[in-house]
Amino acid sequence: MRVSLFIPCFVDQFFPQIGTNIITLLEKLNHEVDYPERQTCCGQPAFNAGFCGESREAAEAFVDCFRDTQTVVVPSGSCAAMVKIHYRELFKDTDLFDTVCELGDRTWELSEFLVKVLGVTDLGARFPGRATFHDGCHGLRGLGIKESPRELLRHVRELELIEMDEAESCCGFGGTFSVKFPRISTAMAQVKCASIEETGARYVISNDPSCLLHLQGYIDRQGKPIKCLHLSEVLVRS
Amino acid sequence: MNVHLKQFNEATRAITPDFPYRRWMQNALKGYEQTRAATESRYSDLEAARRGAAQIKWDAIEHLDTYLEEFVRNLEAHGTKVCWARDAEEARRYILDVCRKHKAKSIVKSKCMTSEEIHLNELLEAEGFEVVESDLGEFIVQLLKEPPYHFVFPAMHLKRDRISQVFHDRLGSEQSDDPEELTMIARRVLRQKYVEADIGFSGANFGIAETGMISITENEGNARLATSLPKVHIALMGIEKVIPKLEHLALFLQMLATAGTGQALSCYNSVISGPRRSDEPDGPEELHVVLLDNCRTALLADPEQRDALRCIRCGACLNTCPIFKNIGGHTYGTTYQGPIGSVITPHLRGLQEWKHLSYASSLCGACTATCPVKIDLHHHLLRNRRNAVDDAPAFSEKSMFKAFALAMRHPGLYRLAGKLARPFLWLSRPLQGTLLDPVRKWRRTRELPVPARQTFKDYWEARRK
């Protein structure tokens, strides 16, 4: 299968290893990986701030860039939800509506793509350590992703996965919310971290790197020995 | 900065450092969540129940004009007097007139958030009436002269020692740490008030169009006493509370209890069909129903957001909201707190004045996932943001997102911006912890990750070559 990667803007800038990990994983499964080079951002930051016109401009460029793809895979539930759900609202009553619906249907968050499309649950990974999983809100409640990432992690050798009480609670990031209302955002991160610590986990794994960016920022400031990892970073270890 | 946003930020600043208090509140709500989950598991198909409730409410709201007229016709047929109140002022005036006409001295109230919306207690007290809240939680916050903290659990923020103290100070009771004893103290005071009151006042959870009845749900029996002992009963309700048929209560009474408190049914559900009839031994001689619009029709006129009028005020969205759980109810500064309050307050009280509540959300969607009538709550927060921007965008933000759109349309520009951000972040590092730090709103409490030496775009370019 020919898989086109969508590497969200902040992943491109801060966590490029997530992209290279996915290439490793997919090539190991004998799929052809492509990266449409004119891609930048799905437009979510502007959309969430209420600037729909500006968001649509970014989204149009995205749609144009991914127009001729077969399957699009993205390592973030939030960006996937933007393309799969919010594009329909953003392009309602426009000529592009059918195009964005089709694009949404062939766009997949990584764990769902591996489990639901490729039918793979065991990638032969080995990762010694105790970890807990954080459900990113948009993947969980927007796209209904709950089991796929856990299914993949259950097959990772030597990984001890412990559920935390607050697995489904928001980490407090919320894009511009985190800087518009930093006190509330940080209070939410604090609650999340307390729940992570209760499990005794050394690692927090998630399928949403934006949450991890926020959580790691808070954890590091607190000087806690906890490391946030994107799902792909665990799945490539052997 | 607008005054409401300023108050919001000040209240946030006061509560967020108190982690133990926030944990205490969250643990209290965790108990509710567990009870609720247990009750929900007894539904054979909860999702079907939610869909059904949403559909009935949808029909009621889509044909509100017809159902309201039917409701009023049937109310009047049973001798109930009806007031159509366009706004808070009209409702206040009508209620005041009824109280004056009956030369009332004392009014006993059962819990009614709509009366908070029109600031009824302040008015009646200023006019010299004695007003007594009879719901235990409301009774406590009234003694403290505080607004309700949560529109279903008005005194949830108060620990037992604080309640004991206020009872001691205001009622002269002995201090006690026993919830049952504290309840008995309130009950002893309240029992006398029901007997003395000239007017009983209540809200209504539902108005049934086909029969002209009002339905009141409660757990303490106080609404039953307040609406049946005094000679006059006044009920105030928002126009959106009408449902078409009596049989619909079978679903709604369960949904309200389950979502609201985790009970299968609330302890007392009363259906009132009018004032005392000649062949009945008791009940009020007069029943007044005040139907309040107060900008609800403006929301009704918005096809995109009118589903917010389906709300049955169960409070489930507050109980699950991580924002509410960390800032508490008073921080909002609104009658209706939490996600539903953030959605409707801009419609009821002004978009520009209250838009900040729609921004004060991480859009996590826990509210939408829990709403028993399936209101698209977190998407409405997005729509409020969009409407606020369309109406009057802030210049700085507009410029920022114009630049964002430009960069995202031009990959070369995007890459350049990424390259420039690196030295910028590096050079600004020594400013961390000072007011000059350009990213202080992030960096005050969190580390900013270091951008990668090689972006993915660079990597891909190198790989292709």
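What's on the screen is a predicted model, in which local features need pLDDT of at least 70 and side-chain atom pairs count only at pLDDT 80 or more, while totals for chains, interfaces and linings use all residues. Residues are numbered from 1 along each chain as its sequence is written, and chains are lettered from A and ligands numbered from 1 in the order in which they are written.

Now chain A. It has 13 helices and eight strands; these are DSSP runs numbered from the N terminus, H or I with at least four residues for helices and E with at least two for strands. Its radius of gyration is 17 Å, close to the 18 Å that the globule rule gives for 238 residues, so chain A is as compact as a globular protein of that length. For the record, that radius is taken over C-alpha atoms, and the rule is 2.2 Å times the number of residues to the power 0.38. The C-alpha trace spans about 50 × 45 × 25 Å along its principal axes.

How much of chain A counts as buried? The figure is 58% of the 238 residues. Buried here means 20 or more other C-beta atoms within 10 Å of a residue's own, exposed means 12 or fewer, and partly exposed is in between, with C-beta atoms placed from the backbone.

Chain A also has two assigned domains, domain 1 (2-116) and domain 2 (121-235). Their C-alpha centres are separated by 22 Å. Across that boundary, 27 residues of domain 1 are in contact with 24 residues of domain 2, where contact means C-beta atoms, placed from the backbone, within 7 Å. On the domain 1 side, the helices that each supply at least two residues include α2 (16-28) and α5 (77-90) of chain A. That side has 16 nonpolar, seven polar and four charged residues. The classes go like this: Ala, Val, Leu, Ile, Met, Phe, Trp, Tyr, Cys and Pro are nonpolar, Asp, Glu, Lys and Arg are charged, and the others, Gly among them, are polar.

Staying in chain A, look at helix α11 (residues 182-198) and helix α12 (residues 209-222). Their axes come within 10 Å and cross at roughly 80 degrees, which makes α11(A) roughly perpendicular to α12(A). Axes are lines fitted to C-alpha atoms, for helices over the stretch in contact, and angles run from 0 to 180 degrees between N-to-C directions. Under 35 degrees is roughly parallel, over 145 roughly antiparallel, 65 to 115 roughly perpendicular, and the rest oblique. Among the residues making this contact are A:K192 and A:C193 of α11(A), and A:H214 and A:Y218 of α12(A).

So where do the chains meet? The contact takes 53 residues from chain A and 50 residues from chain B. On the chain B side, helix α21 (residues 395-409) gives the largest share, seven residues. By class, the chain B side has 27 nonpolar, 11 polar and 12 charged residues.

Contact residues include A:E54 and A:A58 from α4(A), plus B:F401 and B:M408 from α21(B).

B:G328 is in the loop between α15 (324-327) and α16 (338-349) of chain B, and B:G328 is buried, with 23 other C-beta atoms within 10 Å. B:M25 is 303 residues from B:G328 in sequence, yet their C-alpha atoms are 8.3 Å apart.

Next, phi. Most residues other than glycine have a negative phi. A:E158 has a phi near 65 degrees; A:E158 is in strand β6 (residues 157-161) of chain A and counts as exposed, with 10 C-beta neighbours inside 10 Å. B:L363 has a phi near 60 degrees, but B:L363 counts as buried, with 24 C-beta neighbours inside 10 Å.

Key: Two residues are in contact if their C-beta atoms, placed from the backbone, lie within 7 Å. Domain bounds come from an automatic or database domain assignment.
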